[in-house]
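The stops below can be selected by residue number.

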Amino acid sequence: MTDAVLTLIILGLAVVLFAVDRLPVAGVALIVPLALWGTGVLDLGEAVGGFGDPVVLFIASLFVVSEALDASGVTAWVGNFVIEHGGQGRARLLVVIMVTVAVLTALISPNGAVAAMTPVVVVIALRSGRSPSEMLLPTAFAAHAGSLLLLTGSPVTVLASDAIADQGGRQLGLLDIALIGGPLLVFTIAVVLFVPRLIPHRTAPGVLRDLGEHGALLGRHYGVGTEDLLSKAEGAAEFIVPPRSPLVGDPVYRGMHNEAGDLVVVAIHHKGTDVQERHSLVAGDTLLLRGPWEALEAMAARGELIAVDAPEAVRRQAVPLGRGARRTLAVLAGMVILLATGLVPPPVVGIVAALLLVVLGVLSVEQAYHGISWTTVILVGGMLSLSAAMQSSGAAGMLAEALVTLVGDAGPYALLAGMFVITAVLGQLISNTATALVMIPIGISAAEQLGVSYVPSWSPSPSSPPAPSSPRSPRRRI
């Protein structure tokens, strides 16, 4: 069998594995380069080269920026803005939510924006007496539309820009795709507003907790003043004494500090009753501790006490524009300016931004690692090998020739429509990132065979475009 046929077989098997969903997505993405190497389609360096591709590093760095926005309370501030300005009317509420999440997505990613906004949107729905699904599904729709407002909004657009550059063209600018994303966002909002029957109204038996007013709640429950209970530097968290804890029997009292001296006991409850005097701990007692957020998180991780709510989760929701917010926004602004001007390659911009967020103390190294969606990184790195194999083996040309033969006589718009349909169908079976990596080389080959440009009409032409392989028409833009 030829390399092209082997590549198409591996592509088909990968699609089946993705669709069946019996193996982890990252596992399938690792099998693909191994299969391409094992069959001799690619040598080892080519097969694993995708994991060192600059676009993979850029995507990973965007996840770090997203984590910093969440960890520093920027997304919490955005949520408060939505709650304050959304009002009670359905139309205004949805418009504010959808525009906000679209803008946030354009700066980070759909996954990061939706993850950050989901608790906020659920709270908004509950406070306005509406079904969470009525708010959450439009949030997801707006996130995907918003991912086309800026180049940084989605790994898929980054991959497309990188492919154009590889073919001799200029990478897409930060705002180049907004001509698609802007109208798409407006259309998405219009559909949600004027065709409400498309959005199901469902309420799950359990919903996410609203931690936005957690400080006031703790103050009322334990009978302590709420002023500055939660701040940028310090917070408060309630802990339960679990069975067999080494702390059982230890004396505690209000105002007592722990051994490290960084946490203070603010209140004690025994069987639901407030304890004012010295008390020996028993299993089931609850303690309200206050101190630096890092100390609270360390206490929760030790296991001697069980945190009722993770201090990290409380801080992210309850302290808008918290510790490191100004530094995060400054780094974000610099990143956006450099990406918009194109003075520095995007991977370099992303890596520098991620490093600055760690060096400036916004994120720890562990938080930066935790914030990266490694499944996405592995997926892109592994599937880049398949994209390369489809080009080098001629598989992309075979599929493109078949597509051109099918719709070529109808002109470039029919070709574009055919590409759209195939991409949409394939995207239902595998991830959008994997779909893009499969379809990008096919699209480039099809455009060349039909004699049209693979670059959008508002973007600069490739500096050295390959000669059209078909004489049927002069090279023109779609």
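Which strands does helix H12 (residues 293-302) lie across? The model is predicted, and in it H12 lies across strand S1 (234-240), strand S6 (286-292) and S7. Relative to S1, H12 runs at about 20 degrees.

Now select the sheet itself. Five strands make up an open sheet, ordered S4-S3-S6-S1-S7, with antiparallel pairing. At its edges are strand S4 (273-274) and strand S7 (306-307), each of which pairs on one side only.

S3 and S4 are paired in the antiparallel sense over two bridges. To see a bridge, show histidine 270 and threonine 273: the threonine, in S4, is the bridge partner of the histidine.

Next, select residues 90-107, which are helix H6. H6 has 18 residues, and the distance from its first C-alpha to its last is 26 Å, close to the 26 Å expected at 1.5 Å a residue.

Last stop: the aromatic rings. The count comes to one aromatic pair. Tyrosine 369 and tryptophan 374 form this pair, with 6.4 Å centre to centre and 35 degrees between the planes, and the pair is tilted. Switch to a surface view for tryptophan 374: this residue is partly exposed because its relative accessible area is 41%, between the 20% and 50% limits.

Terms used:
Residues are numbered from 1 along each chain as its sequence is written. This is a predicted model: local features need pLDDT of at least 70, side-chain atom pairs count only at pLDDT 80 or more; totals for chains, interfaces and linings use all residues. Side-chain values use heavy atoms; hydrogens and water are left out. Rings of Phe, Tyr and Trp (its six-membered ring) pair if their centres lie within 6.5 Å; planes under 30 degrees apart count as stacked, over 60 as edge-to-face and the rest as tilted. Buried means under 20% relative accessible area, exposed over 50%, partly exposed in between (1.4 Å probe, protein chains only). Helices (H or I, at least four residues) and strands (E, at least two) are DSSP runs, numbered from the N terminus. The expected span of a helix is 1.5 Å times one less than its number of residues. Two strands pair if DSSP finds at least two bridges between them. Contact means heavy atoms within 4.5 Å. Axes are lines fitted to C-alpha atoms, for helices over the stretch in contact, and angles run from 0 to 180 degrees between N-to-C directions.
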